Amino acid sequence: MAAPAAAPPPAKVTQANAPVISLANFEERKHEIAQQLHKAASEVGFFYITDHGISQEEIDRAFATGIKFLDREKEFKTTWPFNPDSYLGYRGPDELETVTGNRLWEWFSVGRYGTKGYNYHAQAFEGEEWPQELGEEFRQVALSFQERTHDIALKILRALWISLGRDESELDDPFDITSPENPSFMAWNKYPALTSEQIEGLKNGKGKLPPRLHAHADMDVLTILFNRVGDVGLEIAPGKDSENLDEIIEDVGNIWNHVPVAKEWLPLDPRPGCITVNVGDGLTRWTDGVFKSTYHRVRAPKQGDPTGERYSIPYFVNPRLNYIMQGPKKRWGPITGFDILSKTGNAYAARRNSPDKSWQEAAYTDEIAELNAETAEGRADLLAKNGVTRKQRDSVVGNGNGSGVQASALRVARPAVAQRAPRAAGALRRSALVGAPLRMARAF
């Protein structure tokens with residue numbers, strides 16, 4: 001008897017077939033939506049959400065509000081410095097150039113309490129702080145938009161919890177937006193306009209352009225991303241690429257410590273009426289690898305792309321600062337909401353302050369971002385050719401006070417509450433997306 005035909009591999013995720021999930025009639029369709037989201041979050045890690053309830057007028061107002069800040073003079077913006085422990089504040093081209101090596105990105109982020117809020121070290125709420133020069137409207141728009149977006153995030157998380165057979169009420173405490181410990185926040189990204197001469201000047205010796213924002217996976221639980229239609233550049237890494245994630249995920253600051261490798265990058269451009277959602281490392285570790293955080297980046301303009309200013313608004317969803325998060329199988333050690341922000345922020349601060357630029361050269365060199373390394377040995381060899389050895393990748397991570405300390409990028413000191421969990425057998429694999437059946441996947 002002939003053997004049954006093998007099932008075809010899942011189709012590679014492309015712009016045309018990326019999951020689009022409607023939240024219409026959420027309560028009535030909750031279980032249907034749960035299954036759709038489970039499939040998207042476990043197989044892809046990126047998906048579009050439609051019928052989310054936020055009007056285009058509200059989105060436009062949120063963009064205009066952030067642009068008011070980003071269009072101000074440098075002397076004003078730098079009075080709102082970035083706080084590594086909270087991930088709130090301003091990062092301008094002068095500062096970011098020390099980390100990225102270019103001036104292609106600018107950032108300002110606020111939480112529910114502006115750039116202030118709960119002090120984890122003092123275990124006390126320190127009040128609010130907003131740019132008063134921009135008027136009360138800035139605060140009101142930021143607060144309203146965060147509340148509206150947080151509601152969408154909770155619907156998605158509740159549905160994902162249902163899909164795992166877990167009680168959705170478990171999410172009430174960690175994601176209470178009214179808690180003074182709430183660390184979720186919104187940011188405005190600005191990528192400046194580029195002339196053709198500037199684009200040519202960015203190219204390396206092989207005519208390749210560096211990305212505007214390096215390849216990474218987000219550190220949070222869930223990211224809700226608002227882009228303006230026509231603002232292209234977001235790319236995700238699909239296909240069979242995979243890495244051993246046991247140690248990468250354990251390093252909470254890996255966004256600033258690790259150089260992802262992908263064979264191919266596919267566009268995920270904005271769709272009218274949709275918002276883009278992606279799983280973060282926090283949700284990957286909280287579900288023991290069931291849901292996948294996926295590598296992504298913002299590429300430089302290609303020929304024919306718009307070259308004007310590009311803006312985006314990500315909303316980063318995290319559990320409250322003192323909440324301890326760990327998957328039921330304890331694949332990774334427990335972490336708090338504060339760990340997610342502070343370890344990532346301090347890894348950034350240490351990278352900013354470090355004279356060693358080997359990570360920068362690798363993360364912002366196109367040949368590294370698009371390596372075709374079939375094996376770990378091949379990947380290490382290609383990295384070494386670009387001056388990045390395992391020893392050189394030993395990195396600086398945060399000590400919780402905003403200064404950063406020297407430590408191995410793969411051996412991150414954990415707080416007293418976070419005892420390291422024993423390794424599960426086998427290696428969790430970060431796949432850049434779908435193309436071959438995923439083992440255990442993830443991304444930036």
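Helix α1 (residues 26–43) holds both E27 and K30, which sit three residues apart, about one turn of the helix. Helices here are DSSP runs of H or I with at least four residues, numbered from the N terminus. The two residues form a salt bridge, with their closest N and O atoms 3.1 Å apart; the term means a side-chain nitrogen of Lys or Arg within 4 Å of a carboxyl oxygen of Asp or Glu. This is a predicted model, where local features need pLDDT of at least 70, side-chain atom pairs count only at pLDDT 80 or more, and totals for chains, interfaces and linings use all residues. Residues are numbered from 1 along each chain as its sequence is written, and side-chain values use heavy atoms, leaving out hydrogens and water.

Buried stands for under 20% relative accessible area, exposed for over 50%, and partly exposed for anything in between (1.4 Å probe, protein chains only).

Another salt bridge joins R148 to E58, with 3.0 Å between the closest N and O atoms. This pair ties together distant parts of the chain, 90 residues apart, with R148 in helix α5 (residues 136–163) and E58 in helix α2 (residues 56–70). R148 is partly exposed, at 32% relative accessibility.

E200 and K203 pair up too, their closest N and O atoms lying 2.9 Å apart. E200 is partly exposed at 49%, and so is K203 at 31%. Elsewhere, salt bridges with shared partners connect E27, K30, R158, E168 and D172 into one network.

Key: Helices (H or I, at least four residues) and strands (E, at least two) are DSSP runs, numbered from the N terminus.
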